[in-house]
Amino acid sequence: MRHFGIIGFPLLHSFSAKFFNEKFATQKIDAEYSLYPMKELTSERMNELLDTLSGMNVTMPHKQAIIPFLDRLDETAEAVGAVNVVHKRIGYNTDCIGFMDSIRPLLNADDRKALVLGTGGASKAVCFGLRKLGVSPALVSRTPKTGMLSYDQLTEELLSEYTVIVNCTPLGMTPEEDTFPPIPYEYISARHLLFDCVYNPEETLFLKKGKAQGARTRNGMEMLYGQAKAAWKIWNNE
């Protein structure tokens, strides 16, 4: 039997085990997929998992921390600077594939600039994908570094210029469904597109607030399925 799994913390919201175990059963593949919640990565535990698992998913907060444990990265993961799929000690990034496929149909000619909320591994994949789609991203953080924006800088004038807003933070994710990114929603309009990488709940407060202002919205479910299907192809050499 082959063994697969996901590392991250927390993993209570993860859909991966159900998704992949159902695929194994449907295709009569002798394999199982398990959850490996861990707050920190240790050399002993990571080497054990890398030696025993045939494939691994990586989620928050380890998409960058996993890199030193790998032999190499593929071209996309190298460019993104984050990993969400591992196979034979090689790191891949399929988040950008899932994100691009999901947001592409929603973009229009006026969507040239995007605000990306958060600075973790998911935001790196999103920024990479946006650039590939011809949209210029700007990072927004509670503790901004050089070249980033703070939430206090999100004025009406700035939001009129940045019509795409992507939430790459866990704000709004179950069980913290009453939280949301602190952007000035009163400046959101029908010109805006709000994309949330969170998929549980189906509609976060971030999306609800945007929809109330007339914005186009999409959650992270389609992105999630897209990256999972890409991971499946990597693990099974399809």
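Trainee: At roughly what angle do the axes of α1 and α8 cross?
Mentor: In this predicted model, the axes of α1 and α8 come within 11 Å of each other. The crossing of the two is right-handed. Its angle is roughly 45 degrees.

Trainee: Which word describes how α1 and α8 lie to each other?
Mentor: Angles under 35 degrees count as roughly parallel, and 65 to 115 as roughly perpendicular. The axes of α1 and α8 cross at roughly 45 degrees. The two helices α1 and α8 are therefore oblique.

Trainee: How many charged residues belong to the contact of α1 with α8?
Mentor: From α1, the residues in this contact are Phe19, Phe20, Lys23 and Phe24, and they meet Tyr225, Ala228, Lys229, Ala231, Trp232 and Trp235 of α8. Eight residues of the contact are nonpolar and no polar ones take part. The number of charged residues is two.

Trainee: Which elements do the buried residues of α1 pack against?
Mentor: The buried residues in α1 are Ser16, Ala17, Phe19, Phe20 and Phe24. Helix α1, residues 16-26, lies across β1, β2 and β3, and runs at about 170 degrees to β2. The elements that its buried residues pack against are β1, β2, β3 and α8.

Trainee: Which residue just after α1 takes a positive phi?
Mentor: Helix α1 covers residues 16-26. The phi in question is about 55 degrees, and the residue is Lys28.

Trainee: Which strands stand at the edges of the open sheet?
Mentor: The sheet has six strands in the order β2-β1-β3-β5-β6-β4, with mixed pairing. Each edge strand has a single partner, so one side of it is left without a neighbour in the sheet. The edge strands are β2 (31-37) and β4 (72-73).

Trainee: What is the bridge partner of Val85 in β6?
Mentor: Strand β5 covers residues 85-87 and strand β6 covers residues 90-92. The two run antiparallel and are joined by three bridges. In β6, the partner of Val85 is Tyr92.

Trainee: What angle does the direction of α8 make with that of β5?
Mentor: Helix α8 packs on the sheet and touches β1, β2, β3, β5 and β6. Its direction and that of β5 make an angle of about 5 degrees.

Trainee: Why are α4 and α8 called oblique?
Mentor: The axes of α4 (residues 95-103) and α8 (residues 221-235) come within 7 Å and cross at roughly 135 degrees. Angles over 145 degrees count as roughly antiparallel and 65 to 115 as roughly perpendicular. The pair α4 and α8 is therefore oblique.

Trainee: How many polar residues are in the contact of α4 with α8?
Mentor: Asp95, Ile97, Gly98, Phe99, Asp101 and Ser102 of α4 meet Glu222, Met223, Gly226, Gln227 and Ala230 of α8. Four residues of this contact are nonpolar and three are charged. The number of polar ones is four.

Trainee: Which residue in β12 is the bridge partner of Phe195?
Mentor: Phe195 points one way from β11 together with Leu193, while Leu194 and Asp196 point the other way, and all are buried. Strand β10 (residues 164-167) runs parallel to β11 over four bridges, and there Val166 stands opposite Phe195. Strand β12 (residues 216-218) also pairs with β11 in the parallel sense, over three bridges. In β12, the partner of Phe195 is Arg218.

Notes
Residues numbered from 1 in each chain as written. Predicted model: local features only at pLDDT ≥ 70, side-chain atom pairs only at ≥ 80, totals over all residues. Heavy atoms only, no water. Axes fitted to C-alpha atoms, helices over the stretch in contact; angles between N-to-C directions. Contact = heavy atoms within 4.5 Å. Nonpolar A, V, L, I, M, F, W, Y, C, P; charged D, E, K, R; others polar. Pairing = 2+ DSSP bridges. Left-handed = near helix turned anticlockwise from the far one by under 90°. Buried < 20%, exposed > 50% of the residue type's maximum accessible area, 1.4 Å probe, protein only.
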